[in-house]
Every structure is written in C-alpha cells, then in structure tokens.
Amino acid sequence: MPLNNSRFIVFEGLDGAGTTTQAAKLQAHFTRRGTPSFLTNEPTSEPIGTFIRRLLTGGEAGPDGGPYRPGEHSMGLLFAADRLAHSRSIQSHLDSGEHVVCDRYLLSSMAYQTLDPDVSGEWVVDVNYGCAVPDVTVFIAVPVDVCLARVGSRGAATSIYETKSHLETIARNYEALLPLYASRFGRVLRIDGTASVDDTHARIVEGLAI
Ligand code: TYD
C-alpha cells in the first residue's frame, strides 16, 4: 500500500541501528525532491531533553556526588514531558505543510523504559497521552552484536543503555511491544538495517513509497 500521505515519519531501533543516519538521509531525500521537511530528534535539545542527555551520559551529579540515576519510571516521565513539549513544535511544522522526520519517539520509551519490569508498555502509552501521532514508524532491525560493534567504533558511549545485556532486553522489548504500539500509533515499516547505509536508505524510500 503506498504510504505517500505519510508526513510525520519516526525512526526507531536499538543504539547503533542507524536511526540518526537514516533520518538525516530521508530528510536529504525530501530536500532533493523539493519537499519541505523538518528533521528533529528525541531526546530534544530543548531544556527537558538537555537534562535527559545529562542523565544518559552520567553528567548530572546525585546527592552522593556520583551520577544521578533516577529509575525508569522517572525517565519515562521525563521523556514524556520532553515529547509533549516537542509535539507542539512537531504539530506546528505539520500544520505549515512540512514533512517531519523524527529520530526516536514514543516507541523508544516503550522499549527502553520497560527495562524496569515494573514499567509497562501501557503505562508508557498513558503518560504520553496527547502527543502527536506519527503516520508511519520505520523500525530499523539490526542484531544486538552488530549494534554493539557500531557503537563501539564510534567512541565514548552516549547512553547508559549501550551495554550488551541492556540492548538484548531492549531488543526483546521492541519486538514484544510493536503490536501494542502499532495498534495505537499507526503503521510500522520494518526494515533490515544490516546492509550498507545507502542500501538501507533505498529500502526505506521504497518501503515508504515516497
Ligand atoms: P540516541 O538516539 O542514542 O541519541 P544520540 O544518537 O544523539 O546519542 O538516544 C539517546 C538514548 O536515549 C538512547 O539510548 C535511547 C534512549 N531513549 C529512551 O530511553 N527513551 C526514549 O523515550 C528516547 C526518545 C530515547
């Protein structure tokens, strides 16, 4: 089915799956084609997202002087707050006729924050009530070992989640929660992301039918 009415497009996948690269390449594709578009990402570079990034890199000191690590419920609420503020900006770009390409969104919260088994996918959906709803989510599927090799070659870790045991659990969480996500947040296009950057981009453009 052609998906060319899709204007709000989200990229999802494990750390190292290539979401950032592929989101940028899709926006470049829109630019070449003369389609106005807005490239964005989560966590955002707004105040709430900036605070989250400090937590993700251990750069925020806790009461004992070590890295401040609130639990995944708190992280889920912070990501939701960042997303609800972000949604206003996303909606205004959509309203002005642009396509919006977003590197990570709500499905990341469902897959990552459920690292804590007391956090459920349904709870994540509930606390994100009112966020902008994507037209299509591109899930880039890449095995954990390949992701780890890619993040290892890029140097310093940018996230506390970039370990083998975390990524293995997050990979299972993505698979388990995709049906719930798709039932609430629209179509999911699954793309094998193990090929070259250009081949994966070509598969995405073909899959989106844009
Ligand atoms: P990431 O895409 O790695 O940012 P960058 O490429 O700029 O380093 O995203 C940061 C991390 O945040 C990543 O490990 C996934 C995690 N994350 C969540 O845990 N929940 C969320 O809702 C989002 C959006 C990201």
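This is a predicted model: local features need pLDDT of at least 70, side-chain atom pairs count only at pLDDT 80 or more; totals for chains, interfaces and linings use all residues.
How many nonpolar, polar and charged residues does the lining of the largest pocket have?

View 1. Residues are numbered from 1 along each chain as its sequence is written, and side-chain values use heavy atoms, with hydrogens and water left out. By class, the lining has 8 nonpolar, 11 polar and 8 charged residues, where Asp, Glu, Lys and Arg count as charged, Ala, Val, Leu, Ile, Met, Phe, Trp, Tyr, Cys and Pro as nonpolar, and the others, Gly among them, as polar. A pocket here is an open set of points on a 1 Å grid over the protein atoms alone, where a 1.4 Å probe fits, with protein on both sides within 12 Å along at least five of seven lines, and lining residues have an atom within 4 Å of a point. The largest pocket holds about 500 Å³ of space, and of its 27 lining residues, Asp15, Thr19, Thr20, Arg104 and Thr158 are the closest to its centre. Two or more lining residues come from each of helix H1 (19-33), H2, H3 and H4, the helices being DSSP runs of H or I with at least four residues and the strands runs of E with at least two, numbered from the N terminus.

**View 2. The ligand and its shell.** The ligand takes up the space of the largest pocket, in the sense that more than half of its atoms lie within 2 Å of the grid points. Of the 16 residues around the ligand, those that come nearest are Asp15, Arg104, Ser109, Gln113 and Ser159, a residue being near if one of its heavy atoms lies within 4 Å. The largest share of this shell, 4 residues, comes from H4.

**View 3. Polar atoms facing the ligand.** In the side chain of Arg104, an N or O atom is 2.8 Å from an oxygen atom of the ligand. A polar side-chain atom of Ser159 lies 2.7 Å from a ligand oxygen atom, and one of Gln113 lies 2.9 Å from a ligand nitrogen atom.

**View 4. Two loop residues.** Arg104 is placed in the loop between strand S3 (99-103) and H4, and its phi is near 75 degrees, a positive value in a residue other than glycine. Pro43 is in the loop between strand S2 (37-41) and H2, and the peptide bond from Glu42 to Pro43 is cis, with omega near -5 degrees.

Notes
A polar contact is a pair of N or O atoms within 3.5 Å; within protein, one must be able to donate a hydrogen and the other to accept it, and residues adjacent in sequence count only if both atoms are side-chain atoms. Grid points are joined across faces, edges and corners, and a volume is the space filled by probe spheres set on the points.
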